Amino acid sequence: KSKISTDFNNTASGTKSYRLGYTNGYVITPSLTGKQTVTFYVRSKKSDANLKVYISTDGGASFSSTATLAVTVSSSFVEESLTLAEYSNVMLKIVNE
């Protein structure tokens with residue numbers, strides 16, 4: 001149910017990248033188990049782009065109403081990390097707002 005414009009595979013590293021090409025585009029992660037840190041890189045071609053990350057602890061039925069992480073995105077790649085130490089089984093919804 002992701003609203004993404006394109007899914008890119010990086011064959012060198014085995015990672016995936018997603019392009020959230022329009023306002024309110026989003027991607028939802030699979031369930032993340034264990035206490036971990038999620039790290040990702042973001043950038044935008046727009047100067048006023050905002051990326052927000054919401055958490056679900058009920059298998060994706062609902063997501064937090066307040067963003068756990070809010071990023072003002074620049075034109076250069078910036079590394080962002082989200083520590084999920086207090087959670088053991090969550091899904092993340094990453095939204096281009």
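User: Which residues have the most contacts inside the largest nonpolar core?
Analyst: This is a predicted model, in which local features need pLDDT of at least 70 and side-chain atom pairs count only at pLDDT 80 or more, while totals for chains, interfaces and linings use all residues. Residues are numbered from 1 along each chain as its sequence is written, and side-chain values use heavy atoms, with hydrogens and water left out. A nonpolar core is a set of buried Ala, Val, Leu, Ile, Met, Phe, Trp, Tyr and Cys residues joined through side-chain atoms within 4.5 Å, where buried means under 20% relative accessible area, exposed over 50% and partly exposed in between (1.4 Å probe, protein chains only). The largest such core has 17 residues, and those with the most contacts inside it are Phe40, Leu51, Val53, Leu84 and Leu92.

User: Which elements give two or more residues to this core?
Analyst: Helices (H or I, at least four residues) and strands (E, at least two) are DSSP runs, numbered from the N terminus. The elements that supply two or more core residues are strand E5 (37-42), E6, strand E7 (69-72) and strand E9 (89-96).

User: How many strands does the protein have?
Analyst: Read along the sequence, the protein follows the pattern β-β-β-β-β-β-β-β-β. There are zero helices, and the number of strands is nine.

User: What share of the 97 residues of the protein counts as buried?
Analyst: The accessible surface comes to about 6300 Å², of which 48% belongs to carbon and sulfur atoms; such areas come from the Shrake-Rupley method with a 1.4 Å probe, and for residues only the protein chains shown count as cover. Of the 97 residues, the share that counts as buried is 29%.

User: What percentage of the contacts with a separation of 6 or more comes from residues 24 or more positions apart?
Analyst: Contact means heavy atoms within 4.5 Å. Taking the contacts in the protein with a separation of 6 or more, residues 24 or more positions apart account for 64%.

User: Which residues does Val53 touch, not counting residues up to four places away in sequence?
Analyst: Val53 belongs to the residues with the most contacts inside the largest nonpolar core. Setting aside residues up to four places away in sequence, Val53 touches Phe40, Ala67, Thr68, Leu69, Leu82, Leu92, Lys93 and Ile94.

User: Why does Ser56 count as buried?
Analyst: Ser56 lies in strand E6 (residues 50-56), and beyond its neighbours within four places in sequence Ser56 is in contact with Ala61, Ser62, Phe63, Asn89, Val90 and Met91. Ser56 counts as buried because its relative accessibility is 1%.

User: Which residue has a backbone nitrogen that the side chain of Ser56 reaches?
Analyst: A polar contact is a pair of N or O atoms within 3.5 Å; within protein, one must be able to donate a hydrogen and the other to accept it, and residues adjacent in sequence count only if both atoms are side-chain atoms. At 2.9 Å, the side chain of Ser56 reaches the backbone nitrogen of Gly60.

User: Is Pro30 buried or exposed?
Analyst: Pro30 is placed in the loop between strand E3 (25-28) and strand E4 (32-33), and Pro30 touches Val90 and Met91, not counting residues up to four places away in sequence. With a relative accessible area of 62%, Pro30 is exposed.

User: Is Thr72 buried or exposed?
Analyst: Thr72 is found in strand E7 and, leaving aside its neighbours within four places in sequence, is in contact with Ala49 and Asn50. The C-alpha atoms of Thr72 and Asn50, 22 residues apart along the chain, are separated by 4.7 Å. At 62% relative accessibility, Thr72 counts as exposed.

User: What is the relative accessible area of Val95?
Analyst: Val95 is found in strand E9 and, apart from its neighbours within four places in sequence, is in contact with Asn24, Gly25, Tyr26, Asn50, Leu51, Lys52 and Tyr54. Val95 is buried, with a relative accessible area of 6%.

User: Over the ring of which residue does the charged end of Lys93 sit?
Analyst: A charge sits over a ring if NZ of Lys or CZ of Arg is within 6 Å of the ring centre and within 35 degrees of the ring normal. The charged end of Lys93 lies 4.6 Å from the centre of the ring it sits over, that of Tyr26.
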